There are 2 protein chains.
Amino acid sequence: MSLDDRKLEVLRAIVEDYVETQEPVGSKALVERHHLGVSPATVRNDMAVLEEEGYIRQPHTSAGRVPTDAGYRLFVDRLSKVKPLTPAERRAIERFLINAVDLDDVVHRTVRLLAQLTRQVAVVQYPSLARSAVRHLELVPISTTRLMLVMIADTGRVEQRLVELPGPASVEDVLDLRRRVNEKLAGQKMADTPALVQGLVDDCSPANRGTMACLAAVLLETLVERSEERLALAGTANLTRGGVLDFQGTLRPVLEALEEEVILLKLIGDLEPSKTRVRIGDENEIDNLRSASVVSTGYGPGVTIVGGLGVLGPTRMDYPGTIATVRAVARYVGDLLAQN
Amino acid sequence: MSLDDRKLEVLRAIVEDYVETQEPVGSKALVERHHLGVSPATVRNDMAVLEEEGYIRQPHTSAGRVPTDAGYRLFVDRLSKVKPLTPAERRAIERFLINAVDLDDVVHRTVRLLAQLTRQVAVVQYPSLARSAVRHLELVPISTTRLMLVMIADTGRVEQRLVELPGPASVEDVLDLRRRVNEKLAGQKMADTPALVQGLVDDCSPANRGTMACLAAVLLETLVERSEERLALAGTANLTRGGVLDFQGTLRPVLEALEEEVILLKLIGDLEPSKTRVRIGDENEIDNLRSASVVSTGYGPGVTIVGGLGVLGPTRMDYPGTIATVRAVARYVGDLLAQN
DNA sequence: ACTGGCACTCGCTCGATGGGAGTGCCAGGA
DNA sequence: TCCTGGCACTCCCATCGAGCGAGTGCCAGT
């Protein structure tokens, strides 16, 4: 038996009420709060079907119903419209982001904003190096045998690494290296650089070849292998809202997961083009987050995507509102990046 | 009546037992676990005195005793010896830190290490700009009217800021600015720079003066006003150890406090020279942390101090062990910094 | 000054009780 | 065929009281 419209309506009502009250919702309360036009008994029959299909369940016999992960999924996919943001929210976003002075600032402001608006844990990935291009490379002598390599990406990210040279290098040597490196790499997509770096060493004057080899090694490591994706986190205190009920009693596993950058990157770093992704409870591959939901999306200047952002909260969350906020923030951040 | 030796011994025993078991400790259990050489009744009398003096209290009539903040304070000041680290721990520290490739890496490794060793929340401040000297300033043209200002401090910290110029600047202009800025500021203590920056504008050729003024403004902001102290945090999951008892039932206020960088800086940024500071419960000025203790110290190459680090946990913590670990880690980090 | 003894306090656990919310099912009606 | 009102049933939860036990304070004795 397929689900007719009223059953879906009942499911929606259950989800909405449960999200709001955090208490199992019964048939009588349902018909009172929503004008379904039928009696509690009818609703009960519908509920029985919904339960059989796995969309809701009872915490114990003769308690109200609670949505299952599958129930939320159906709700998100078919029953909810993304809730447009209020003008006040839009203004808040703009006001908050407009004053950012550099990339670090943008990311920090964004993550706090997102946490505040959604009242959940927010994660923002820095623009991915892998998706950036090299804007400029700078070599700063620290001592005769040490250079500081500073790489500036077109996304505004700046990475620095210390380079230990095999032998002393003169100021002229450094300038020469600097010119060569920039000629070859500036403007290149990060992904294309590994092939080019080898050429750098080959073309180099024999005198500087050793130094260049050293530099090349660090370059490779910085640009690709250890293309360390950074991220920012905020709003962990929001996990404590909603008492002990969410996250089955203990925040422990969730906090643990949040400490692992690798895990967070997996969560928000999927980056399907301009699609908002919602992972509900068990859909998360991470065991520690089986009782959590994640709403994430990509951001970037224009249509290209350079990084991900998202929020994490209990499966019992306001999906329409959260999705709308995440999308809106992502778009504003993208616009901001486009201006640079 | 002053506290004689045995009463102090009793207090120590109470603190140690309570820290270990997390349960109020009674007179009988005390004499059994520690060979105090007296009867429970005697211990009870001592306890009555200790309670009167405010060092311990009873959660309810006829339960065991629990140390008060004042009790922990006395314990830390007079009753505990700093516990030397085991060789295994020393090795762990070395092994963990030795592979760090740059400052970011050092800080991240340190904070994780500290969290892991103490099993508490760890905070590490990046080397403070205010306590650093300028090593080098680099100007990278982004477009004709935009520069990226990169400042490298002698502590290894790198800060960058975007500078919007009033009008287009040629490559020669930028080189000129770069030379002037470095001549004036390189090697200077950060604290001395504000006075020097004004001179920069005055000395500048009229043609570049507008540009230099702009640059100077950003410099000032970066170097002093917005001398944004960064920090790293780890181990929040450790807050959930020890059940609901610590932090009087809710992590909320603690998590909130941990999100405020300003608060964290106040906690670990006091930086008395080479002194380990312990704040116990109510001694914290931050209301949200009245049920927590903080152990912090400064670190730096040699005797100078460039930043702070520390851990935060329940007042019921292993003070001798924690203090020892915090000190040891600080020293290792200092040594590491000295090598650069 | 310390000890053993003793009465007392009080939090905690356990089981029984009653109320209430919610359910499933069924027979009757549109 | 689908909806509705009624009814018996289930089971959670809050309340209560009893019994237990750890721990205390006090006191008299050594």
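Which helices of chain A and chain B each supply at least two residues of the surface near DNA strand C? They are α2 (27-33) and α3 (40-52) of chain A together with α3 (40-52) of chain B; helices (H or I, at least four residues) and strands (E, at least two) are DSSP runs, numbered from the N terminus. The model is a predicted one, in which local features need pLDDT of at least 70 and side-chain atom pairs count only at pLDDT 80 or more, while totals for chains, interfaces and linings use all residues. Residues are numbered from 1 along each chain as its sequence is written, and chains are lettered from A and ligands numbered from 1 in the order in which they are written.

DNA strand C is surrounded by 21 residues, and the closest are A:Gly26, B:Val38, B:Thr42, B:Thr61 and B:Ser62. Here a residue is near a strand if its C-beta atom, placed from the backbone, lies within 6 Å of it. With four residues, α3(A) gives the most to this surface. By class, eight of the residues near DNA strand C are nonpolar, ten polar and three charged; Ala, Val, Leu, Ile, Met, Phe, Trp, Tyr, Cys and Pro count as nonpolar, Asp, Glu, Lys and Arg as charged, and the others, Gly among them, as polar.

Turning to DNA strand D, 21 residues surround it, the closest being A:Val38, A:Thr42, A:Thr61, A:Ser62 and B:Gly26. α3 of chain A, along with α2 (27-33) and α3 of chain B, each supply at least two residues of that surface. Its largest share, four residues, comes from α3(B).

How do the two protein chains meet? In all, 24 residues of chain A are in contact with 24 residues of chain B, contact meaning that the C-beta atoms, placed from the backbone, lie within 7 Å. On the side of chain A that touches chain B, β4 (134-143), β5 (146-153), β6 (158-164) and α10 (252-259) each supply at least two residues, and β4(A) provides the largest share, five residues. Twelve residues of this side are nonpolar, five polar and seven charged.

Eight bridges link β4(A) with β5(A), and A:Ser143 has A:Arg146 in β5(A) as its bridge partner. Seven bridges join β5(A) to β6(A), and A:Leu149 stands opposite A:Arg161 in β6(A). In the hairpin of these two strands, with four residues between them, A:Gly156 takes a positive phi near 100 degrees.

Methods
Contact = placed C-beta atoms within 7 Å. Pairing = 2+ DSSP bridges.
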